[in-house]
Amino acid sequence: MSTKIKDSIDNFHSSSIYLPTRSIRLSGEVDDDMLDTALKNLHALDSTNGTINVFLTTEGGDVDAGLAIYDAIKGCVNYVRVMVYGEC
């Protein structure tokens, strides 16, 4: 694996956003920290044209934070594709 690809993958895991594929990773408990990450990343990607991909892995958490994330996704101008992984 090239150093450039590895650095891109490491950056995605540390920041929860990967610009080349317009992807956001949200994992863990739904809380104010996840909400903050989701809002910042959605607004950043929504400022340019193209589909936004959200990868979601969570077992639940704060309902209010979850609804705020949902509202932010629905408020995006661009199409948002949400892929959910894990148990329900």
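Which residues does D32 touch, not counting residues up to four places away in sequence? In the predicted model described here, D32 touches D62 and A65 under that condition, contact being defined as heavy atoms within 4.5 Å. D32 is found in helix α2, and its C-alpha atom is separated by 9.1 Å from that of D64, which lies 32 residues away along the chain. At 56% relative accessibility, D32 counts as exposed, where exposed stands for over 50% relative accessible area, buried for under 20%, and partly exposed for values in between, computed with a 1.4 Å probe on protein chains only.

Because the model is predicted, local features need pLDDT of at least 70 and side-chain atom pairs count only at pLDDT 80 or more, whereas totals for chains, interfaces and linings use all residues. Residues are numbered from 1 along each chain as its sequence is written, and side-chain values use heavy atoms, with hydrogens and water left out.

The mean pLDDT of the protein is 86, and 81% of its residues reach 70 or more; pLDDT is the predictor's confidence in each residue, on a scale from 0 to 100. The secondary structure comes to three helices and four strands, which follow the pattern α-β-β-α-β-α-β when read along the sequence. These elements are DSSP runs numbered from the N terminus, with helices taken as H or I over at least four residues and strands as E over at least two. Where pLDDT is low, the predicted coordinates should not be read in detail. Of the 88 residues in the protein, 28% are buried, and among contacts between residues at least 6 apart in sequence, 73% join residues at least 24 apart.

Helix α2 has 15 residues and reaches 21 Å from its first C-alpha to its last, close to the 21 Å expected at 1.5 Å a residue, the expected span being 1.5 Å times one less than the number of residues. Within α2, the residues M34, L35, A38, N41, L42, L45 and D46 are buried. Seen down the axis of α2, these buried residues fall within an arc of 145°, so they line one face of the helix; the arc is that of the directions from the helix axis to the C-beta atoms. On the other side of α2, D32, D33, K40 and H43 are exposed.

Helix α3, with 12 residues, reaches 16 Å from its first C-alpha to its last, close to the 16 Å expected at 1.5 Å a residue. Its residues A65, I69, A72 and I73 are buried. They cover an arc of only 100° around the axis, which puts them on the same side of α3. On the other side of α3, V63, D64, D71 and K74 are exposed. What covers the buried residues of α3 includes β2 (23–27), α2 (32–46) and β4 (80–84).

Two packed helices are described by the angle between their axes and the distance between the axes. For α2 and α3, the packing angle is about 10° and the axes are 9 Å apart, with axes being lines fitted to C-alpha atoms, for helices over the stretch in contact, and angles running from 0 to 180 degrees between N-to-C directions. That makes α2 roughly parallel to α3, a class that takes in angles under 35 degrees, while those over 145 count as roughly antiparallel, 65 to 115 as roughly perpendicular and the rest as oblique. In this packing, D32, M34, L35, A38, L39 and L42 in α2 meet A65, A68, I69, A72 and I73 in α3. Of these, A68 counts as partly exposed at 27% relative accessibility, and its C-alpha atom is separated by 7.2 Å from that of L35, 33 residues apart along the chain.

Two loop residues complete the description. C76, in the loop between α3 and β4, counts as buried at 13% relative accessibility. Not counting residues up to four places away in sequence, C76 touches L42, D46 and I52, and the C-alpha atoms of C76 and L42, 34 residues apart along the chain, are separated by 7.6 Å. R22 lies in the loop between β1 (17–18) and β2, and counts as buried at 13% relative accessibility. Most residues other than glycine have a negative phi. The phi of R22, a residue other than glycine, is near 55°, a positive value.
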